[in-house]
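Student: Please take a close look at the aromatic rings in this model. I would like to know how they pair and where the paired residues sit.

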Amino acid sequence: MIKGKVADLLESTQYLQEVQVKGWVRSFRSNRFIALNDGSTINNLQCVVDFEKMNEELLKRITVGAAIKVTGTLQESLGSGQKVEIQASSIDILGDADPEEVKLTILSPKRHSLEKLREQAHLRVRTNTFGAVMRLRSKLSYAVHSYFQQNNFHYVNTPIITGSDAEGAGEMFKVTSFDLENPPKNEDGSINFKEDFFGKETNLTVSGQLEAETYALGLGQVYTFGPTFRAENSNTSRHLAEFWMVEPEMAFCDLDGNMDIAEDFIKYVLKYILENCKDDLAFLEQRLANEDKAKPEAERSPMSLTDKLKFVIENNFKRVSYTEAIEILKNSKPNKKKKFNYIIEEWGADLQSEHERYLVEKHFKCPVILFDYPANIKAFYMRLNEDGKTVRAMDILFPGIGEIVGGSQREERLDVLKQKMQALGIDEKELWWYLDTRKFGTCVHSGFGLGFERLVQFATGMSNIRDVIPFPRTPLNAEF
C-alpha cells in the first residue's frame with residue numbers, strides 16, 4: 001500500500017494501486033465526492049465514495065473540516081478538473097467537525113473578509129488564500145538560507161534580548177523580571193535596574209545588525225535571520241510590532257559590493273519561488289486579479305503577480321544617488337501640482353513611500369537603489385562620506401511597496417564613529433564592545449537588512465502585512 005501526501009498522489013501515475021491518505025474535508029458533494037486537502041498543496045484530491053456500501057452513520061460524520069483517513073484505489077479521473085482520484089474502499093474519521101460549529105467559523109464554505117480571517121488565526125491557514133501564502137513564506141525562508149549557505153555565509157543567532165538600541169529609535173519593548181506594582185527604586189525615585197535580572201535595563205531587539213557586525217569581523221561573511229520587535233504605535237497595513245529580519249554583514253565589502261549582493265540575493269529568492277511555487281502563485285495571481293476588478297482603474301496593478309516578480313528578476317536595478325533622486329522628485333508633475341502628500345521642497349527631505357514608488361513605477365520603471373543619503377536622516381553607524389554631509393547608505397525600492405531593503409557601508413573609523421555617537425547622545429559605555437571592533441584589525445565592511453514580511457507581501461500580492469505572518473502582533477492585539 002502507498003501512503004502518500006495529497007501533492008504526491010496528484011502527480012502519481014501508479015494507477016490501480018492501493019493508497020492511503022489523510023487530510024481534512026474541504027467539501028462533500030452528493031454523498032459521493034470528497035474534496036480532501038492535507039496542506040501539502042493548494043489542490044484538493046477527489047475521493048469517490050460508494051455511499052450504498054458505506055455505513056450511514058459514518059457518512060454523516062464526513063463534514064467540512066473533519067479529519068479523515070481514506071484508503072482506496074488510485075485511478076485516472078473520469079471527471080474534469082483533476083488527473084487522478086481515489087475510489088474509496090474505507091474511510092476512518094480521525095477527528096470530527098460539528099457542522100453547527102463550522103457554520104460559525106471561516107471553515108464555512110461562504111467567503112470571509114481578510115479581517116474576519118485574522119480573528120480566527122488558528123483556522124485561517126485551512127483556507128486557500130492563507131495556505132498558499134504560508135507555503136510560499138516557507139519556501140522563501142528556505143531560499144534565504146539556501147542563498148547564503150551557497151555563498152559561504154555563516155548563520156549567526158544574534159540575541160533577542162539586548163541592552164542596545166541599534167536604530168536609535170527608542171521604540172523598544174522593555175524586558176524585566178520586576179514586580180511592576182512594586183519595582184525597586186533609586187533615591188531619586190527612578191527604577192533601580194541594577195536589581196533586575198540582567199543587572200541593567202534591557203529590551204527586545206529591533207535589529208541583530210550590531211552583533212552580526214562583530215561576527216563578520218571574525219568569520220568574514222555572516223547573516224542573521226530572526227524575529228525583531230518595534231514598540232511603534234502604528235496601526236497601518238505596513239507595520240507589525242513583531243517581524244522577521246534578514247541581515248547579512250560582510251567584511252572587506254564596500255557599498256558597491258553591498259548593493260551587488262543585495263540585488264543578487266533578491267533575484268535568487270524570487271526566482272526560487274517562481275520555479276517552486278507554481279500552483280500557489282497561480283492561485284494568488286488570480287486572487288489579485290479578482291481583487292483589482294473591484295478597484296478604480298487608477299488603483300489597479302499594471303502587472304500580474306508573476307509579471308511583477310519577473311520584472312524584478314529580469315531588470316538590472318537602477319542605481320541613483322539621493323541627490324539625483326531629489327532633483328527628479330522636485331521637478332516631477334505630482335510634486336509641482338501638489339499631488340504628493342509630502343511635497344519635496346529641498347535637499348535633506350526624508351523620502352516617503354509615495355516618492356519611492358514614483359521613482360520605481362513612473363520614472364525609472366525598474367527597481368531602484370538609492371545611495372548616499374544625508375547623514376542627519378540616517379543611523380550613527382553609517383560611513384560618513386568625504387563631503388561631510390552624506391553617508392554611504394543605500395535603500396532598495398520596489399514597485400507596489402517602496403523600500404524593501406536598507407543598508408550601508410559601516411563606519412570603520414573609530415574617531416569618526418565616536419564623534420557621531422557623541423553628537424547623537426549615544427553612550428559609549430553601552431556600546432564599548434561595538435567600538436572595540438574598530439581597535440583590533442578594523443576593515444571596510446557593509447551589510448543590509450531586509451524585512452522578511454515585506455518580501456512575502458511582494459511575492460504574494462497581499463496588501464496588508466498582517467496577512468503574511470502566521471500570528472500578527474500589532475497595537476492592542478496579542479491574541480493566540
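Tutor: In this predicted model, Tyr-272 has a relative accessible area of 18%, which is under the 20% cut-off and therefore counts as buried. Its ring forms an aromatic pair with Tyr-142, with 5.8 Å from centre to centre and 40° between the planes. Tyr-142 belongs to helix 5 (residues 128-150) and Tyr-272 to helix 7 (residues 255-276), so the contact ties together parts that lie 130 residues apart in sequence.

A second pair joins Phe-340 and Tyr-358: the ring centres are 5.9 Å apart and the planes meet at 85°, so this pair is edge-to-face. Phe-340 is in the loop between helix 11 (333-336) and helix 12 (353-364), while Tyr-358 is in helix 12 itself, so the parts tied together are 18 residues apart in sequence. Phe-340 and Tyr-358 are both buried.

In total, the structure holds 22 aromatic pairs. Ring pairs also build a cluster, whose members are Tyr-147, Phe-148, Phe-153, Tyr-155, Tyr-223, Phe-265, Tyr-268 and Phe-448.

Rings also have charged neighbours here. Lys-378 lies over the face of Tyr-373, 4.3 Å from the ring centre. Lys-389 is placed over the face of Trp-347, at 4.5 Å from the centre of that ring.

How values were computed:
Residues numbered from 1 in each chain as written. Predicted model: local features only at pLDDT ≥ 70, side-chain atom pairs only at ≥ 80, totals over all residues. Heavy atoms only, no water. Phe/Tyr/Trp six-rings, centres within 6.5 Å; stacked < 30°, edge-to-face > 60°. Helix = DSSP H or I, 4+ residues; strand = E, 2+ residues; numbered from the N terminus. Buried < 20%, exposed > 50% of the residue type's maximum accessible area, 1.4 Å probe, protein only. Lys NZ or Arg CZ within 6 Å of the ring centre and 35° of its normal.
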